[in-house]
Amino acid sequence: MRRREQDRITRMESDYEKRKQVAEFNLRREERLRAAEEPTAKKRLKRQKKKQRKKEKRAKPSGGGEEEPNSGVPNRVEESSDDDEGSDYEGDDKFKQCT
């Protein structure tokens with residue numbers, strides 16, 4: 001009877017230790033996850049803001065109608081000069097016609 005009681009107590013103690021270790025592990029794990037989530041959330045917010053600014057920037061010119069969508073690219077047809085007639089390169093005229 002005494003040996004059986006000792007075995008029961010030993011099992012209870014080992015079970016308690018296992019539960020305690022699991023609880024400590026989960027606590028440390030949650031802390032690590034939380035610590036890792038903070039910079040991730042900060043970067044996520046930064047990316048979302050950048051994406052939103054980019055979206056607003058694209059929507060603004062098309063909504064206003066004042067600015068052409070290709071305003072960043074110079075129009076080569078408008079930059080014609082009188083010197084083009086004597087050009088050695090035959091592709092100049094074709095290039096201007098294409099753009």
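Of the 99 residues in this protein chain, 1% count as buried. Keep in mind that this is a predicted model. The chain exposes about 10,400 Å², and carbon and sulfur atoms supply 49% of that area. As for secondary structure, there are 2 helices and 0 strands.

Next, the charged side chains. How many salt bridges does a search of the whole structure find? The search finds 3. I will take them in turn.

Start with Glu 5 and Arg 8. Their side chains meet in a salt bridge at 2.7 Å, N to O. Both residues lie in helix α1, 3 residues apart, which is about one turn of the helix. Glu 5 has a relative accessible area of 35%, so this residue counts as partly exposed. Arg 8 is also partly exposed, at 37%.

Then Asp 15 and Arg 19. Here the side chains form a salt bridge at 3.4 Å, N to O. The two residues are again both in helix α1, this time 4 residues apart, about one turn. Is Arg 19 buried or exposed? Arg 19 is exposed, because its relative accessible area is 59% and the cut-off for exposed is over 50%. Asp 15, at 35%, is partly exposed.

The remaining pair to report is Glu 37 and Arg 44. Their side chains meet in a salt bridge at 3.2 Å, N to O. Glu 37 counts as partly exposed, with 38% relative accessibility. Arg 44 is partly exposed as well, with a relative accessible area of 34%.

Now the surface patch. Which residues gather in a patch of positive charge on the surface? They are Lys 42, Lys 43, Lys 46, Arg 47, Lys 49, Lys 50, Arg 53, Lys 54 and Arg 58. Take Lys 42 as the example.

To sum up: 1% of the residues are buried, the chain has 2 helices and 0 strands, the search gives 3 salt bridges, and a patch of positive charge on the surface includes Lys 42 and Arg 58.

Technical notes: Residues numbered from 1 in each chain as written. Predicted model: local features only at pLDDT ≥ 70, side-chain atom pairs only at ≥ 80, totals over all residues. Heavy atoms only, no water. Patch = residues over 30% accessible without salt bridge, like charges linked within 9 Å, V, L, I, M, F, W, Y side chains within 5 Å. Areas by Shrake-Rupley, 256 points an atom, 1.4 Å probe, with all protein chains shown as cover. Salt bridge = Lys/Arg side-chain N within 4 Å of Asp/Glu carboxyl O. Lys, Arg positive; Asp, Glu negative; His and termini not counted. Charge placed at Lys NZ, Arg CZ, Asp CG, Glu CD. Buried < 20%, exposed > 50% of the residue type's maximum accessible area, 1.4 Å probe, protein only.
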